[in-house]
Amino acid sequence: MPERANTSKGRSFDVAALGEAMVEFNQIHPGQPQYLRGFGGDTSNAAIAAARAGARVAYLTRIGQDSFGQALTALWHTEGVDTRAVQGDGEHPTGIYFVSHGDAGHEFSYLRAGSAASRMSPQWLAGEPTAVLQAARILHLSGISLAISPQACDTAFEAMRLAREAGTLVAFDSNLRLKLWPLARAQACIAQAVALCDIFLPSLEDMQALTGLSDPDAIVDWGHARGAATVVLKLGAEGALASNGQRRERMPGQRVTPVDATGAGDCFCGNLLARLAQGDDVFAAARYANAAAALAVQGYGAVAPLPYARQVQVAAG
């Protein structure tokens with residue numbers, strides 16, 4: 001764990017995640033009209049991944065008072081994710097998205113404009129959300145948490161401020177989605193978020209777009225230079241590169257037959273944070289998360305293939 005962890009001992013939650021959860025419709029066969037209903041939203045996926053890894057997890061968001069919101073609530077209860085900081089909204093809907101598959105990989109189509117989660121505000125954090133932030137060892141957010149609306153961006157930064165004030169570590173996944181905001185705004189906001197986080201979890205693809213850098217070590221240097229004590233760069237099928245500022249270790253990719261990469265990065269983040277909260281150093285946590293993500297890409301959807309701890313332990317040897 002990074003150095004600031006000494007003030008986050010004895011907390012009720014290992015991981016609290018903030019962002020937007022959505023209902024997913026994932027294409028079963030490329031070019032065919034059949035879709036499998038599931039669940040998604042990057043930080044929700046990471047929260048469930050962490051819970052399946054054995055962490056005590058809470059989620060902070062707003063959902064519509066609709067059947068999709070009810071389904072998400074039932075999912076979190078089933079997965080053991082605490083929902084006291086989930087607020088229902090009777091005027092704005094739960095977001096949904098579609099995943100299609102083709103020769104170029106998977107493509108996302110979103111119906112999330114004006115969603116309940118996009119209406120979160122700094123004032124909404126007062127009460128239960130702040131109490132959860134203060135009770136967590138790690139707060140996890142992403143670029144999507146910032147991108148879904150300007151007021152959601154303000155909320156995410158306020159949550160980071162409150163977390164740091166309480167001694168809660170902050171983890172941030174770059175998760176760049178240029179369909180949600182212009183590149184220039186993404187660059188500015190993500191750089192600011194990295195400066196406020198303890199654990200930076202970018203992907204190679206994101207950082208190439210955000211910084212123009214393609215060398216993994218240069219990207220890790222970029223994260224440290226902006227203030228992140230710990231950087232773990234996700235390299236997809238090539239594994240990961242982890243750094244604590246003094247030491248670096250490359251985790252090679254595992255040979256698997258991928259079916260659907262949806263949510264693989266979220267799986268990696270959730271498992272890594274769970275293992276950090278449970279006492280692993282960043283290198284052991286990244287090796288574990290690498291094995292978990294390799295299992296996740298062998299099934300369809302963002303949530304269904306997320307592995308349980310016993311499966312990862314077998315896969316990791």
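This is a predicted model: local features need pLDDT of at least 70, side-chain atom pairs count only at pLDDT 80 or more; totals for chains, interfaces and linings use all residues.
Q: What is the order of the strands in the open sheet?

A: Read across the sheet from one side to the other: S5-S4-S1-S8-S9-S10-S11-S12-S13. That makes 9 strands, with mixed pairing.

Q: Which strands stand at the edges?

A: An edge strand has a single partner, so one of its sides is left without a neighbour in the sheet. Here those strands are S5 (81-89) and S13 (248-252).

Q: Which strands does helix H8 touch where it packs on the sheet?

A: Helix H8 (residues 216-225) touches S10, strand S11 (230-234), strand S12 (239-243) and S13. The direction of H8 makes about 145° with that of S11. Helix H2 (residues 67-79), for its part, lies across strand S4 (57-64) and S5, running at about 170° to S4.

Q: Now for two helices together. At what angle do helix H9 and helix H10 pack?

A: Helix H9 (residues 264-277) and helix H10 (residues 282-296) pack at about 145°, and their axes are 8 Å apart. H9 passes H10 in a right-handed crossing. Residues making the contact include Phe268, Leu272 and Leu276 of H9, and Val282, Tyr288 and Ala289 of H10. By type, the residues of this contact divide into 13 nonpolar, 2 polar and 1 charged.

Q: Which residues touch the most other members of the largest nonpolar core?

A: The general idea first: in soluble globular proteins, nonpolar side chains tend to be buried together. In this structure, the largest nonpolar core has 54 residues, and Trp76, Val232, Leu272 and Leu273 touch the most other members. H10 gives the largest share of this core, with 10 residues. Another core, of 49 residues, lies apart from it, with Phe13, Leu146, Ala147 and Met160 among them.

Q: Which residues is Leu273 in contact with, leaving aside its neighbours within four places in sequence?

A: Leu273 is in contact with Val15, Ile138, His140, Ala171, Ile199 and Leu201.

Q: Last one: is Glu205 buried or exposed?

A: Over 50% relative accessible area counts as exposed. Glu205 has 64%, so it is exposed. You'll find Glu205 in helix H7 (residues 204-211).

Key: Residues are numbered from 1 along each chain as its sequence is written. Side-chain values use heavy atoms; hydrogens and water are left out. Two strands pair if DSSP finds at least two bridges between them. Helices (H or I, at least four residues) and strands (E, at least two) are DSSP runs, numbered from the N terminus. Contact means heavy atoms within 4.5 Å. Axes are lines fitted to C-alpha atoms, for helices over the stretch in contact, and angles run from 0 to 180 degrees between N-to-C directions. A crossing is left-handed if the near helix is turned anticlockwise from the far one by less than a right angle, and right-handed if clockwise. Ala, Val, Leu, Ile, Met, Phe, Trp, Tyr, Cys and Pro count as nonpolar, Asp, Glu, Lys and Arg as charged, and the others, Gly among them, as polar. A nonpolar core is a set of buried Ala, Val, Leu, Ile, Met, Phe, Trp, Tyr and Cys residues joined through side-chain atoms within 4.5 Å. Buried means under 20% relative accessible area, exposed over 50%, partly exposed in between (1.4 Å probe, protein chains only).
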